[in-house]
Amino acid sequence: MTAQLKELYKKVTGEEPVSIEELPSSGSNRRYFRLSGVQSLIGVIGTCVEENKAFLYMADHFLQKGLPVPKVYAHADDFMSYIQEDLGDELLFNAIEKGRKTTVFSDEEKTLLTKAIRLLPDIQFAGADGFDFNYCYPASEFNSRSILWDLNYFKYCFLKATGLDFLEDKLEDDFQKMSDVLLRSSSATFMYRDFQSRNVMIKDGNPWLIDFQGGRKGPFYYDVASFLWQAKANMPDSLRKELIGEYIEALRKYQPVDEHYFYAQLRHFVLFRTLQVLGAYGFRGYFEKKPHFIQSVPFAIENLRNLLVEPYSEYPYLDKLLRELVNMKQFTDDLEKRSLTVKVMSFAYKKGIPNDTSGNGGGYVFDCRAVNNPGKYERYKPFTGLDEPVITFLENDGEILEFLKHATSLVDASVKRYIERGFSNLMICFGCTGGQHRSVYCAQHLAEHLNKEFNVKVELTHREQNIEQTFKAKF
């Protein structure tokens, strides 16, 4: 087949290529080659004529609309191969690698993501102008049949592969309900369908669109969900909200936006896209044994777990089943390894500040000795900061409440960022003179607060009292 690419290269440039280098492939079965010589071009060998024809039509149409897509210079008579513009090697996915790995995105990374999301309405609306959706493959529009295909893809390629038992009739009923909800948003726009950072290239600091051949007529919400909830993009909620705002602003160029309805409807598309992605991961990973897809499963499960914080009451059986899915041992074991554990300790300064046994060092040490000390009074000496007489004394005095409010504010900010960045350990210590009253009160209250507020595992130790308690996270 590469001989065909050589012929196409010569047809375009008038000369034979000096070299042909096969490029790494991702999820598709298409093969890509860089042909070098008088001009650097990309050769593509496809496996499906209809899919190749869809790409060729779309690329030409979008180019005429002034959209940043690669120009196709020539194709074989049998449509099994073609030669297109070389956009370089920088995928948006790689350009935001540091942000993906730390969840702290630089201004440069945010700029690239903003440019990409603001480009999306252009291909959805301007791209749909004069577009013949009959060229789309394998379906011309996002309809009930295509929705149920994807949901059953999830059912058969992922759900069944996990071994989770379920009632197929009830599940299918909720699949139909989801189809009805999604189709409330039907529009005559171009739905990219796989708009994500691996399908956006960066050239001269600007985004270019590739791999749109699976597109069809459909609602614009799907592409927003696809881009912002891409499993390995690892975006914090704050960045997602910021980028949704950028998208809505760009969308208003084409139509008015009811933001309340937009967010309410987007949530259903995020769930649908997540299930569709898990189906693809199941097929490519569990059945085709491709490691990249197996490695992506925990990220998609984490997305799903976060979505389920707010129930999907429209689909009661599906909601119940998905909660069972994310709580399966094979997924919670992996989550526990990656989840944050906060160690909270009370101690006496005269016996030394505790060491961080995780080996990470750092964390917080709060000195409670400035707070009024109940230990000065004989009647409180038999008690600890866990006992009602001491609690009443400290809270009526009030100093401990103000002290703990400020300490909690600092710790909350760190816990939130540690969770977003995927850190696994944080230590917080409260010290007082004897490690009996003030430090015990503060450590106990903070531990209970963190477990309730952030659903993190908290290991609490009152060192001088020989008391240990673990607050488990609920998965």
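Ala, Val, Leu, Ile, Met, Phe, Trp, Tyr, Cys and Pro count here as nonpolar, Asp, Glu, Lys and Arg as charged, and the others, Gly among them, as polar. This is a predicted model, in which local features need pLDDT of at least 70, side-chain atom pairs count only at pLDDT 80 or more, and totals for chains, interfaces and linings use all residues. Residues are numbered from 1 along each chain as its sequence is written, and side-chain values use heavy atoms, with hydrogens and water left out.

**Exercise 1.** Work out how the lining of the second largest pocket divides into nonpolar, polar and charged residues.

*Solution.* 
- Now sort them by class, which gives 16 nonpolar, 17 polar and 11 charged.
- Finally, look for the main contributor: α10 gives the most, with 9 residues.

**Exercise 2.** Decide whether His462 is buried or exposed, and find its side-chain partner.

*Solution.* 
- Next, check accessibility: His462 counts as buried because its relative accessibility is 1%, where buried means under 20% relative accessible area, exposed over 50% and partly exposed in between, with a 1.4 Å probe and protein chains only.
- Last, find the partner: the His462 side chain makes a polar contact with the side chain of Gln444, at 2.9 Å (N or O atoms within 3.5 Å; within protein, one must be able to donate a hydrogen and the other to accept it, and residues adjacent in sequence count only if both atoms are side-chain atoms).

Methods
Helix = DSSP H or I, 4+ residues; strand = E, 2+ residues; numbered from the N terminus.
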